[in-house]
Structure formats: structure tokens, C-alpha cells
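Try each task before you read its solution.

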Amino acid sequence: MIKKLSRRQFLKIASATAAGATFTRFDPRLLALAQGDLPFEIAPEAVNPLNMPENTQAEGVFFEGGFGRAYIDFAADIFAKVHPGSSMSVEGIQRVGERLRPRFIAGEPPDVIDNSGAGALDTAALVAEGELLDLAPLFAAPALDTPGKTFADTLFPGSQASGVFDGVQRYVNIAYTVFGAWYSKTLFEEKGWTYPTTWDEMLALSETIKADGIAPWTYQGKYPYYMVFGLLEPLVYKLAGGDAVWKKVDNLEDGAWEQPEILQALQMMQQLHSNDFIMAGTEALTHTESQAEWLQNKAAFIPSGTWLENEMRSVTPEGFDMVVGAIPATDPARASWMTAAAGEPYMVPTNGKNPEAGMEFIRVLLSKESAKFFAREVSAIMPVIGGTEGIEVSAATQSALDLVAAAGENIFSPPMFGTWYSDLNTEVGNSTGALMTGQIEPEEFIERVQGVANDVKEDPDIVKYTR
């Protein structure tokens, strides 16, 4: 659980006001900036603290998914203006692992990578093979546009914990994602439906929705792991009253998947299938296809993170007014508990041609100016203090901020097993898909997943991590 990010802290850092900087000495590289190419000043020590060589032509390869690529292009433009004569190429791709694994094997990876989406690179394996740079110099470097602060100082507390392996920062999370069940506020107001706070209320409302001719639920059928972070993980947190269950799973403790809270959560999820609450044909749909159906009000709820709005922006009907709700709990006192995390991991390969440029691009990307663009144009949140300062956000983003405020200190990060152990992550996703289509029972889910967890634990070639 992210104890450091209380409601008061979150509201403070989301609205923090930065003081302006003044130049204390002349630096030739500031000439273009002084002419108004950038909307902020840069202190001399913050221009090139990572000692990137002049006239560097660097290469960036990025997952192009729900957040699009405009924010990356924006950061690349700032990068070029801060460093005249240098540039960062921007290539957006899908299936990052398939595309880039051969380049790592050949010793020719890009300079910076966004390792996200289906088919991402196995991060733990890259760490074990020494393929990812230690980012300590980046975290100690001066922030681009927050005078007197280091890069690390400007990030939400706890937001970069998942990128630490054995005490070393190996990647940087650039998006603060709130997870939950998404629905149309407009539809609910028209129908007189109230978002449920308890699981029993969710089941009762689903019956009402079904009787109205609308499927209560859909999900990203071909990528069933959406139901893992969307339902399974928050349900277990709420049932267990904290982080203990998922911590045992992450640490590969014997029988960790056999804990009763996991079985109960799986049984609750199974109710959606057994009560015919899932839209017909869901299992055959991609993430965007199922989300498009949901946008046509063919289903009331869909699990996702705060990237959803931007991912579907071009096909969202006017007036749909999407918002997110916390997953209902069995205990009403835990209804506001939620999962949120910084994600979208950016990493710098050790063997890239321009590692300093890779780190510098991340420093630029997580500047306050870039974060404002992200909030305004992508309707999403970067884990940057003051990153929503002066920005009027969308209803979707505001609903996510409201959830964070309501949850206070009861905000939980997704467990780490999916990042640390790719085989285990794959089996959890596959078994979730089988559960939600009635192919297996919760007990078989546990048997299958626990079996893979045992194999991972016993394999001496797999590097183990604990928390």
C-alpha cells in the first residue's frame, strides 16, 4: 500500500505552484530558450546535467497505446529546443517484445524505450541480463523546470517503487493510473442508476441493467488480464483488509495462491459469468473492440485504467461522459479503497548508443511543462508534482482524482508478480480468461496458477525478488 501518498499529500502535490527561476550566469545553450522557444526558463545547471554530447541523434521506440503519441512528440520537441542540434526520433509500435528482443540480442537496442502493452519485454529478464541502465544519475540530476529540485524530488512519493530491482532504479513510470470500473455518467443519470458501493449492490444493479436490455459487464476479451488488475487485485485487497495476501504471492510463499481471499474473489468474479452478466461475444474482442461496444451502451461496466479516455477519444459519442468508480467491496467501510499506480515504464538500455540521451529524454518527458500537456491533451496524469497546475481536466480525469481523494491512504499498488515473473503473469491471464468464460472453476484457477508459481520458485535460472 502506498502509505506516503495521503489524501492531503496528493491534493497538495497535484496543485503545487512552482516559483520562477532566474539565470545566474550566461550559457550559450540558453540563447534559443531566451528567445521564447520554450514557455519556461532553465537554470544553467539544469540545461545538460547528464553531459549528453552535442549534436546527438538519438533513437526512441515507444509503445503507442491508450496514451497515443502526441505527448512523446511534444517531449521530443522540448528535447530538441533544450539541446539545439540534437534530436530524439520517435517511433510508435505495438508488441514491443517481438519488435525489440532481436535488437537486444544483437546488442543494438534503442536509446530509450516505453515497454508497455501486450507482448512487452520481460523486464525482470532484462534486469537479470544486465540490459537496463542504473538510472541513479537521472534521479540525482536537476529537474528541467522546477528550480532547486532534483528530478527525483519532483515525482509523486512512492511512484517509482516498482522500477527498483535489488535497490537499483531500472525504469521510470511516467503515468499515474487509477484503476476501476468505468461507466457512462449520462446513461446512469438517464436510467436513475446509482453506482454501487457493495458487491451485493453490484449484483442487484446488474440484474436491473440486464432487465433493461443492456449487458451489465464487458471486458477486453482477448486480453483477460484487464480483469486481473480491474477486479481480482482490488477485490483481494478489500477482502484481506490490506496488502498481506498479495505480498505472499509476490514473494512466492508456499501455497500463496491458495489463500481464502483469493478463492473468494474468484468466486465473486465467477458470478458475473454464471448470472449471464457479461456481454455475449466479449471473449473474442480486442481491448478497443470491447471498449467500442461499451461506448455504444451495449454494456454498462468495463474495467480499465485512466488511459481509457484518450485511447477511445476518436470514437467516443458526444455526451457519453465516462467516469470511473472504485470496485465495490463486501464491507461498505472499504468501498472507497482502490488501486492506483504509476505505470508506463520507460527504460534506458545499457548497450544503447546514447544512454545519456535516453536519460535526458525521460528528464524532459517528466518535466512540469510536459506533464501539463499530458493532463490537458491526453486527459491523464503524470506522477509529477504540480503536473495538473492550472489545467482544467476532463470529467473522466476528475473522477479519477476524486477517487484518489476519497481513498486517502487506502490506495494500493498492483502486486509485483506480473512484472517479476512473466510465466506466472501469463498463466494468471490465461486462467482468468478461462474462468470468465466458464471453462474452469475457481479451484482449478488456483491449482493451475499455484502450479506455475511452484515451477517459478523451483527454477534456479529465474532470478527471485522480494518485497
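Two strands count as paired if DSSP finds at least two bridges between them. Keep in mind that this model is predicted.

**Exercise 1.** Work out which strands stand at the edges of the open sheet of 4 strands, and describe what packs on the sheet.

*Solution.* 
1. Begin with the order, which is 8-9-7-10, with mixed pairing.
2. Strand 8 (215-217) and strand 10 (322-325) each have a single partner strand, so they are the edges, and one side of each lacks a neighbour in the sheet.
3. Helix 8 (residues 199-211) lies across strand 8 and strand 9, at about 150 degrees to strand 8. Helix 16 (residues 395-407) touches strand 7 and strand 10, and its direction makes about 15 degrees with that of strand 10.

**Exercise 2.** How are helix 18 and helix 19 oriented to each other?

*Solution.* 
1. The axes of helix 18 (residues 422-436) and helix 19 (residues 442-458) come within 9 Å and cross at roughly 170 degrees.
2. Angles over 145 degrees count as roughly antiparallel, and therefore this is the description for helix 18 and helix 19.
3. Check the contact: helix 18 contributes residues including L424, V428 and L435, while helix 19 contributes F445, V449 and V452, among others.
4. Sorted by type, the residues of this contact comprise 9 nonpolar, 3 polar and 3 charged.

Definitions and conventions. Residues are numbered from 1 along each chain as its sequence is written. This is a predicted model: local features need pLDDT of at least 70, side-chain atom pairs count only at pLDDT 80 or more; totals for chains, interfaces and linings use all residues. Side-chain values use heavy atoms; hydrogens and water are left out. Axes are lines fitted to C-alpha atoms, for helices over the stretch in contact, and angles run from 0 to 180 degrees between N-to-C directions. Helices (H or I, at least four residues) and strands (E, at least two) are DSSP runs, numbered from the N terminus. Angles under 35 degrees count as roughly parallel, over 145 as roughly antiparallel, 65 to 115 as roughly perpendicular and the rest as oblique. Contact means heavy atoms within 4.5 Å. Ala, Val, Leu, Ile, Met, Phe, Trp, Tyr, Cys and Pro count as nonpolar, Asp, Glu, Lys and Arg as charged, and the others, Gly among them, as polar.
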